[in-house]
Amino acid sequence: MENVSRTLFTTETFQNDATAAFILFTWAQIGLAINIFAIILIWRNKHMRNAFGYLCLSHEIGDIGVLLLYAFWAAPATLFQMDASGYVGMKLGQFGILMWNVCVYSHLFITINRFLAIFFPFGYRRCFKGLITAGYIGIMWTVAVANIIPYFFEKCYFIFVPRDYVWHFAPTTCGKALLYNDFLVGIAFMVVMVIIDSITYIRILIAKRQMQSSSNRREIRFFIQACCQGSLFVCKLFIFYFVSTLGEDKWYKFLTSTLVWQSAHVFDGIILILFNSEFQRWVTGKSAYQSYSANIPSGTRQTPYRRTASKNGVAHL
């Protein structure tokens, strides 16, 4: 009787492991396809060949990095119940933190980018020229790399635990410090982003009548896209750090922490695709000229388009 119970328990455990691994791998593959498609759209869209587009591209790289980690580490480790606490597991966890930091910093820079574009259109063009934007992105990645330096120390690590289907910081003093640092930095960034986005939104409402040109509407669409991605970031943090603590069931933890983190990177790509004008033209069947002309009064369609910053609008890039 005892052997039968043990066999049933082993079979059920393997089925649970296989289910969790299948979810992680399949969802990661879908996310990778979505984010790669989003990068292609950024590359094809001439209106994204600017600071905002390059920041979105940086963010997409971070998304893809995390999803690769889920597809080719978390999923196999769960299926085969591998020992993920060794050197390889620690380094891959460190890589995951790096990619997450890149996404967080990209969110913040995108929020600031939209704020400056709408509040200070003329100054915005000077602050986000080609090489200057490259410098911002370089600094962003450098800070992200600097933040994972503590993970090189022996008792400071972040690993995936296949038995529980979740990610854990080291159960040490250093690990707890890293957990609190990740939590506090995330919350601080969340508050800053919400404040900046709120101020930008109020500005748009006040100047709504002066922002009716096609270029202004495009910049507002970029702002709405950034808000959607920022809201996704806020929801992820709230569920990961608060909702996940309300239950101890393995599957509950899996859904509210592991899967929520993964899903945030999948939906990031979906949001970018939905707001991309190239994708919208592909869905509606309109050409680039038709899409552009539809937003211009008939009496001015022959006027050459100039890249300027309107008096009451935002930076036209």
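Predicted model: local features only at pLDDT ≥ 70, side-chain atom pairs only at ≥ 80, totals over all residues.
Colleague: Let's start with T78. Where does T78 lie, and what makes it count as buried?

Modeller: T78 lies in helix 2, which covers residues 51-80. Its relative accessible area is 0%, and buried means under 20%, so T78 is called buried.

Colleague: Which residues is T78 in contact with, leaving aside its neighbours within four places in sequence?

Modeller: They are D17, A20, A21, L24, F160, P162 and Y165; contact here means heavy atoms within 4.5 Å.

Colleague: On to helix 3 and helix 6. Why is helix 3 called roughly parallel to helix 6?

Modeller: The axes of helix 3 (residues 87-119) and helix 6 (residues 173-206) come within 10 Å and cross at roughly 20°. Angles under 35 degrees count as roughly parallel, so helix 3 is roughly parallel to helix 6. The crossing of helix 3 past helix 6 is left-handed.

Colleague: What is the contact of helix 3 with helix 6 like by class?

Modeller: By class, it has 14 nonpolar, three polar and four charged residues. Helix 3 brings residues including W100, L108 and F115, and helix 6 meets them with residues including F189, M193 and I196.

Colleague: How do you know that the reach of helix 6 is close to the expected one?

Modeller: Helix 6 has 34 residues and reaches 50 Å from its first C-alpha to its last, against 50 Å expected at 1.5 Å a residue.

Colleague: And which residues of helix 6 are buried?

Modeller: Among them are G175, L178, D182, G186, F189, M193 and I196.

Notes. Residues numbered from 1 in each chain as written. Heavy atoms only, no water. Helix = DSSP H or I, 4+ residues; strand = E, 2+ residues; numbered from the N terminus. Buried < 20%, exposed > 50% of the residue type's maximum accessible area, 1.4 Å probe, protein only. Axes fitted to C-alpha atoms, helices over the stretch in contact; angles between N-to-C directions. Parallel < 35°, antiparallel > 145°, perpendicular 65-115°, else oblique. Left-handed = near helix turned anticlockwise from the far one by under 90°. Nonpolar A, V, L, I, M, F, W, Y, C, P; charged D, E, K, R; others polar. Expected span 1.5 Å × (residues − 1).
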